[in-house]
Amino acid sequence: MSFSKAQDLIRLAQIAAARRGGVSLEDICEEFGVSHRTAQRMTDALEETFGNVEAADGEDRKRRWRLINPGLSQLQLRHETGVEALDIAARTAETEGRLRHAKALNDLRDGLLARVPARARVEADAEAVLMAMGQVTRPGPKVSLQPAILDAIIEALRGPFRLRVRYNQDAASRILEPHGVLLGHRTYLAARDPAKADEVRNFRIDLIHEAETLNESFAFQDGFTIAEYAALAFGVWQDPAQYGEVVWRFAPEAADRAAGFRFHPQQVLEPQDDGSLIVRFHAAGWLEMTWHLYQWGDKVEVIAPQALRDMVEGHRRSDFAAMP
């Protein structure tokens, strides 16, 4: 067995031990970037190498492999990457005002280092990488958030518990039922205000001036997932009246650049015979679309919807020195 295959086997064992439900062939294909047949060979090697492997079929008829009482503490791979990842994540959380998450990530980093025999070397190697990686921030203004407000929202999402807030210029407080948080140029709380409507809507977190987690649980809206809710919009703003098919055509000289963008999770790319590129997806949020489209100048044309086409018409410049 080659060194790389041995490392993959140890890593697979760690994953099978860490995941409560075990690891499936599909998980292995995605995690290691291998074919289904290679994933089968990896599970065969796992069963042959470790005597405490348990394979069981789940309700979804997928077989999963688990390690029972793995005792892999002496078979850990190098820790530098883990330390780097935790450090970067902690810095990002601190920048976004999520101080509770930043502290937890730093505690995990310190705990990981405390268990490493060659701590000094690991710290030095990780620090060398971190010093070479400049932190890139999004250009433009950034809305500041109050850590105490974020902490209250996070606590409410754990329950889930209702949240009493004073929002915007309202004199009276309102009771919200938090369903998730949307991160973007502004950060929004996706929540239901049962006193006013049953649907989930967005609340700007920077406009929440007071927040208190209540000891009152509630039920999420049937079938709600934050991923599906977020996919209804191009950015973070939700507007059911604007939801529909969006079609953009990028000029041949911009096609390769546009093909590297993920404009929407469900986008469809259609290369054209003339070298141009058509992008299709379903979403709302025309204003946020115009903000992005402006950067492409006259290298993009809105095919649909007509209302969005009207918004960008007359603002497609040809003198931009570069594309996004």
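**Reading side-chain contacts**

Author: Start with a charge and a ring. The charged end of arginine 11 sits over the ring of phenylalanine 32, 4.5 Å from the ring centre. Keep in mind that this is a predicted model.

Reader: Which residue forms a salt bridge with arginine 11?

Author: First the general idea. Side chains of opposite charge can pair when their charged atoms come close. Here the partner of arginine 11 is glutamate 31, and the closest N and O atoms are 3.0 Å apart. Glutamate 31 belongs to helix H2 (residues 25-32) and arginine 11 to helix H1 (residues 3-18), so this bridge ties together parts that are 20 residues apart in sequence.

Reader: Are these two residues buried, exposed or partly exposed?

Author: Read the relative accessibility. Glutamate 31 has 34%, so it counts as partly exposed. Arginine 11 has 29%, so it is partly exposed too.

Reader: How many salt bridges does the structure hold?

Author: It holds 28. Take two further cases. Aspartate 27 meets arginine 19 in a salt bridge, at 3.7 Å from N to O. Aspartate 27 is partly exposed because its relative accessible area is 23%. Arginine 19, at 32%, also counts as partly exposed.

Reader: And the other case?

Author: Aspartate 57 and arginine 63 form a salt bridge, with their closest N and O atoms 2.9 Å apart. The relative accessible area is 49% for aspartate 57, so that residue is partly exposed. Arginine 63 is partly exposed as well, at 42%.

Reader: Which residues are linked in a network of salt bridges?

Author: Look for Arg162, Glu177, Arg192, Asp198 and Glu216. Salt bridges link them in a network.

Reader: Now the rings. How do I describe an aromatic pair?

Author: A pair of aromatic rings is described by the distance of the centres and the angle of the planes. This structure holds 15 aromatic pairs.

Reader: What kind of pair do phenylalanine 234 and tryptophan 248 form?

Author: An edge-to-face one, with 5.7 Å from centre to centre and 70° between the planes. The cut-off explains the name: planes over 60 degrees apart count as edge-to-face.

Reader: Where in the chain do those two lie?

Author: Phenylalanine 234 is in the loop between helix H8 (226-230) and strand S9 (244-250). Tryptophan 248 is in strand S9. They are 14 residues apart, and their pair links distant parts of the chain.

Reader: Why do they count as buried?

Author: Buried means under 20% relative accessible area. Phenylalanine 234 has 17%, so it counts as buried. Tryptophan 248 has 0%, so it counts as buried too.

Reader: Which aromatic cluster includes them?

Author: One made of Phe234, Trp248, Phe250, Phe261, Phe263, Phe281 and Trp296.

Reader: Last, the surface. Which residues make a nonpolar patch?

Author: Leu287, Trp291 and Met311 make one of about 310 Å². Find tryptophan 291 in helix H10 (residues 286-294). Its relative accessibility is 48%, so tryptophan 291 counts as partly exposed.

Definitions and conventions: Residues are numbered from 1 along each chain as its sequence is written. This is a predicted model: local features need pLDDT of at least 70, side-chain atom pairs count only at pLDDT 80 or more; totals for chains, interfaces and linings use all residues. Side-chain values use heavy atoms; hydrogens and water are left out. Rings of Phe, Tyr and Trp (its six-membered ring) pair if their centres lie within 6.5 Å; planes under 30 degrees apart count as stacked, over 60 as edge-to-face and the rest as tilted. Helices (H or I, at least four residues) and strands (E, at least two) are DSSP runs, numbered from the N terminus. Buried means under 20% relative accessible area, exposed over 50%, partly exposed in between (1.4 Å probe, protein chains only). A charge sits over a ring if NZ of Lys or CZ of Arg is within 6 Å of the ring centre and within 35 degrees of the ring normal. A salt bridge is a side-chain nitrogen of Lys or Arg within 4 Å of a carboxyl oxygen of Asp or Glu. Patches are made of residues with over 30% relative accessible area and no salt bridge: like charges are joined within 9 Å, nonpolar side chains (Val, Leu, Ile, Met, Phe, Trp, Tyr) within 5 Å. Accessible areas come from the Shrake-Rupley method with a 1.4 Å probe; for residues, only the protein chains shown count as cover.
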